[in-house]
Amino acid sequence: MLSRLARLPIAVVTTAALIAAPAQARQACTGAPGHVQSPVEIDRSQNCGAATPAITISYGFADGQMQFRDKNLNGVVDNHDDVSFIPDNFSDPHIMYGTTKYDLTEVHYHFDAEHKFQGQAAAPAEAHFVHKDATGDTVVLGVLIDGVSVPATDAHDHPLNGVPTTLGASWSVGSVNLAGMLPAGKASFRYSGSLTSSPYTPVHWVVFNDHVEATGSTIAQAKAPFGTAGNNRNRQNVAPRIHPGNP
Ligand SMILES: [Zn+2]
């Protein structure tokens, strides 16, 4: 008996070691679906079946307003604030999500990127194309943006150039190339997540696999008002069900 008791501390030590390094919690592909909090790191090897419903993107060029938004209305730059393009009503940028029309309400930017693919470095910026249907249901297209010296297009540089440092400022921008802001390859990964700032409500996420480019100095200048911490939320700990799609 004494000999058996003497072994107990060894078993306790082993259990503690396992608890100290748990696997990341992952939503199973089966069972009741649920939204996770966003952003997340996306593991491309995870596949819970093809994405549905079909999405058709109808973007062209749009005029509108750029805004350095004080989203908390607290008069202080913090990580809930953003730089956002608000298209006017005339160009009607939208997506069809199945048979339902979702209007593009804004394209806002995070510095650094919020989403990240496993095995890949975090990008310096991410654009979120926010769409809402008549009920307020939300679909967001996420585009990761790399900083380079000479980007393939100026689609993101155009609205981001000359962003003022005054919180609450807005200014007109014409001929924003919405279609050109998306990657040429439309492979994507969908999951059920949330807004990444208050009120963190449920969102259908579509994150494109391919990155796009903007001028590194333009990204740095647009990020500067937010300081080195930027305006991105930390990636959350629960890995969602991932559905590959196009988009
Ligand atoms: Zn966002």
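Threonine 196 sits in the loop between strand 11 (188–194) and strand 12 (202–208); strands here are DSSP runs of E, at least two residues, numbered from the N terminus. This is a predicted model, where local features need pLDDT of at least 70, side-chain atom pairs count only at pLDDT 80 or more, and totals for chains, interfaces and linings use all residues. Residues are numbered from 1 along each chain as its sequence is written, and side-chain values use heavy atoms, with hydrogens and water left out.

Is threonine 196 buried or exposed? Its relative accessibility is 10%, so threonine 196 counts as buried; buried means under 20% relative accessible area, exposed over 50%, partly exposed in between, with a 1.4 Å probe and protein chains only. The threonine 196 side chain makes a polar contact with the side chain of glutamate 114, at 2.7 Å. A polar contact is a pair of N or O atoms within 3.5 Å; within protein, one must be able to donate a hydrogen and the other to accept it, and residues adjacent in sequence count only if both atoms are side-chain atoms. Beyond four places in sequence, the contacts of threonine 196 include His110, His128, Trp205 and Arg233, contact being heavy atoms within 4.5 Å.

Now the metal. Which protein atoms are donors of the zinc ion? They are His108 (NE2), His110 (NE2) and His128 (ND1), lying 2.0 to 2.1 Å from the zinc ion. Donors are N, O and S atoms within 2.8 Å of the metal (3.2 Å for Na, K and Ca); water is not among the atoms, so sites may look incomplete. Along the chain, the spacing of the zinc donors is H-x1-H-x17-H. Histidine 108 and histidine 110 are both buried.

Back to the strands. Strand 11 runs antiparallel to strand 12, with 7 bridges joining them, and antiparallel to strand 14 (residues 243–245), with 3 bridges. Strands pair if DSSP finds at least two bridges between them. Serine 194 has proline 202 of strand 12 as its bridge partner, while phenylalanine 189 has proline 244 of strand 14.

Last, alanine 214, in strand 13 (residues 212–215). Alanine 214 is buried, at 1% relative accessible area. Leaving aside neighbours within four places, alanine 214 contacts residues including Ile145, Asp146, His156 and Ile219. The C-alpha atoms of alanine 214 and aspartate 137 are 30 Å apart, with the two residues 77 apart along the chain.

Terms used:
Helix = DSSP H or I, 4+ residues; strand = E, 2+ residues; numbered from the N terminus.
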